[in-house]
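Hi,

Here is the structure I promised to pass on.

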Amino acid sequence: MSENLVQAGFSVLRYDYYGHGYSKYGNGKFFNYDKDMFVDQLDDLMDYIEKEEGLKPEALCGHSTGGIVSVAANHRWHGSERSVVPKLVLFNPAFYANKSFVAKLIDCFSKMFPRILPRLIKYFQFLIGNEYLKAVDTAFAKDPDTNKYIYPAAHEKKKNRDRILFGKLRGMQAHPFLRPGIFNINCNTLRGDLFPGHFDMLNETLNKSPESKILWLWGKLDETVPYADNIKNVISLDEKNDNLEVKGLDRIGHESPYEDSKLLSSLTISFLK
């Protein structure tokens, strides 16, 4: 998608969230990977771009958790020294994420015993890789009639990449903070009881910043953030706000940028121009 946007004349900044890249920090450190931390990171990046390049962001594009972070950024920037970003593109944003039993169990522990959360990681992280790989299977769209993947090559490519990331040799040795990072994000940004607050934040952003337009692209076969169960709520929000546009995408699941990047790029470019 980045290449398509660049070819369309846009400058694109693509970066790793904290806890997702290959940089390392000292043993024994523990971070709360909450949405405010990710907005801080984005804020720092925007400061750098504005200072070094003299450019101001015209849009934020976020997939899944990135959709929540994009909205959180504009929510914070309303009324501050930094102006809200004029346009947001949300790909299958995780406002209605459907968490697995294991993830819900970890939610309970992290909420009930937040002070011992750093010590819980070593007991739970062996589950994280397995759960993440299972989530990849759910995230790609399957044909309702045949139950076969609609984009089998994209699914296999993503799963092979994640097998390497979570492997005991190349993964854990080269990238030892990936599992703790994902664990912390699930406990501090994607914990089940936090989702209502995230959605309230979206409502407030739409109401307080009508000058900022939001495009919500959502695969109709998404089971990670279930489209069928929640689209009525989002359509209701769409009808109340002129600055929100919601599009359901046929034969697309949760990993929409992987599944059909040309379609996602085309819709994004049309919205940004």
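Predicted model: local features only at pLDDT ≥ 70, side-chain atom pairs only at ≥ 80, totals over all residues.

**What I found**

Ser-212 sits in the loop that runs between α9 (195-208) and β3 (213-219).

Is Ser-212 buried or exposed? Ser-212 counts as buried because its relative accessible area is 3%, under the 20% cut-off. Its side chain reaches the backbone oxygen of Val-85 at 2.7 Å. Leaving aside residues up to four places away in sequence, Ser-212 touches Asn-74, Asn-243 and a run of neighbours made up of Val-84, Val-85, Pro-86, Lys-87 and Leu-88.

Now the overall picture. The protein has twelve helices and four strands. Of its 273 residues, 46% are buried. If you take the contacts with a separation of 6 or more, 76% of them are between residues 24 or more positions apart. The accessible surface comes to about 14,800 Å², and carbon and sulfur atoms account for 52% of that.

Among the buried ones are Arg-179, Asn-184 and Asn-188, along with Leu-178, Ile-182, Phe-183 and Ile-185. Pro-180, Gly-181 and Cys-187 are on that list too.

Next, the charged pairs. How many salt bridges are there? The count comes to 15, and I picked out three of them for you.

- Arg-76 and Asp-40 meet through their side chains, at 2.7 Å from N to O. This pair links distant parts of the chain, with Arg-76 in helix α3 (residues 65-77) and Asp-40 in helix α2 (residues 35-53), 36 residues apart. Arg-76 is partly exposed, as its relative accessible area is 31%, and Asp-40 is also partly exposed, at 38%.
- Asp-43 forms a salt bridge with Arg-82, and their closest N and O atoms are 2.7 Å apart. Here Asp-43 belongs to helix α2 while Arg-82 lies in the loop between α3 and β2 (87-91), so the bridge joins distant parts of the chain, 39 residues apart. Both Asp-43 and Arg-82 are buried.
- Lys-159 pairs with Asp-137, again with 2.7 Å between the closest N and O atoms. Lys-159 is in helix α6 (residues 152-165) and Asp-137 in helix α5 (residues 117-139), 22 residues apart. Lys-159 is buried, with a relative accessible area of 13%, whereas Asp-137 is partly exposed at 23%.

There is also a network: salt bridges with shared partners join Lys-35, Asp-36, Asp-40 and Arg-76.

Finally, the surface. Which residues form a nonpolar patch there? Phe-101, Leu-105 and Phe-109 do, and together they have about 300 Å² of accessible area. Phe-109 lies in helix α4 (residues 101-112). At 30% relative accessibility, Phe-109 falls into the partly exposed class.

Happy to go through any of this with you.

Cheers

Note on methods
Residues numbered from 1 in each chain as written. Heavy atoms only, no water. Patch = residues over 30% accessible without salt bridge, like charges linked within 9 Å, V, L, I, M, F, W, Y side chains within 5 Å. Areas by Shrake-Rupley, 256 points an atom, 1.4 Å probe, with all protein chains shown as cover. Salt bridge = Lys/Arg side-chain N within 4 Å of Asp/Glu carboxyl O. Helix = DSSP H or I, 4+ residues; strand = E, 2+ residues; numbered from the N terminus. Buried < 20%, exposed > 50% of the residue type's maximum accessible area, 1.4 Å probe, protein only. Polar contact = N/O pair within 3.5 Å; in protein donor to acceptor, adjacent residues only side chain to side chain. Contact = heavy atoms within 4.5 Å.
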